[in-house]
Amino acid sequence: MSTMFRVSRRSLLRSCGVLAAGGLSTKAWAQQAFQPRAPAHHRFSLGSREVFVLSDGHLVVPSSALAANVPEAEVKSFLAIRGLGPNRVHFHINVALVKTGNDYVLIDAGSGGTWEPTAGKLADSLEAAGIKPEQIGKVVLTHAHPDHIWGLIDELDDSLRFPRAQYVVAAREFDFWTLGEAAKLKGPVEGIAAGARRVFKAIEARTTRIRPGDEVAPGIVAIDTAGHTPGHISLLITSGSNKLLITADALQNAHIALAHPDWHPRADMDGVRAAKSRRQLLDMAATDKLLVLCYHIPFPGLGRIERKGSAFTWVAEV
């Protein structure tokens, strides 16, 4: 058995926290982060559909993690001009929930309660929105990083947080984390691989594996945005003439990802492919004038993307 699959719960959590903090210890991370966001939700209409954005809190990300293919000084200079950083930025966690008839489709599930002290607030935000976990009929997973899937399992008793839900994930993503490829990963990312394997094992019997282009739920189509992870997908939701693009981690920052889509965040597993996916997604959003929901842009993460020279800019909707 691979070493990563023998990782204890405590070491798994520790290693994932270190990776996310770019080398900061969990204690240092907690000291440097602001207090967690209060439970929050934002509700809006998309044609005849009702959509919620639910806050799972935020992560604190070192500026060194924002671009691996340019000098860190250039990244810090870029952030400083915009009044950000210089050493850390916040990545909010905005989870989408779409009402379909009397059912709800959840898109990703946040980070759970044991990864970072500023995150893991999805359950509280659901409660604040008046939605019970058993009302969630389907969960679509864009990829298997901790802040997207660890919220599926209760840390106290390993039970599923959404007891009635069926799950949807890209076949390429599921296979990568469960069939041996991820076993080749070394360092702190071993803990992420162990966590992905654990979650996928827990939901496997209820999981449908899809391919880009498939309809994952009525009016919700998967888009291939591989690169951040091997099977990463974004989603396009259509209701009548109204459309909403959910980017997941194809876009990770409202400033760098648009002004410099060819910069490679360190969390992207294949930086070149992720940059190609990102530019294609940005081009589609700008061309079609889509409403866009971004997972890590300040809550509620809704806006539109406009062209600016050879790059793009973000126009917040709320």
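**Aromatic pairs and charges over rings**

Trp263 counts as buried, with a relative accessibility of 8%. The cut-off for buried is under 20%, so Trp263 qualifies. The model is a predicted one.

Which ring pairs with Trp263? The partner is Phe78.

Where do the two residues sit along the chain? Phe78 belongs to helix α3, which spans residues 72-81. Trp263 lies in the loop between α8 (256-259) and α9 (271-287). The two residues are 185 residues apart in sequence, so their pairing ties together separate parts of the chain.

Phe78 has another neighbour. Arg82 lies over the face of its ring, 3.7 Å from the ring centre.

How many aromatic pairs does the structure hold? There are four. One of them joins Phe176 and Trp177. This pair is edge-to-face, with 90 degrees between the planes. Its centres are 4.9 Å apart. Are its members buried or exposed? Phe176 is buried, with a relative accessible area of 7%. Trp177 is buried as well, at 1% relative accessibility.

The charged end of Arg209 sits over Phe174, at 3.9 Å from the centre of the ring.

How values were computed: Residues numbered from 1 in each chain as written. Predicted model: local features only at pLDDT ≥ 70, side-chain atom pairs only at ≥ 80, totals over all residues. Heavy atoms only, no water. Phe/Tyr/Trp six-rings, centres within 6.5 Å; stacked < 30°, edge-to-face > 60°. Helix = DSSP H or I, 4+ residues; strand = E, 2+ residues; numbered from the N terminus. Buried < 20%, exposed > 50% of the residue type's maximum accessible area, 1.4 Å probe, protein only. Lys NZ or Arg CZ within 6 Å of the ring centre and 35° of its normal.
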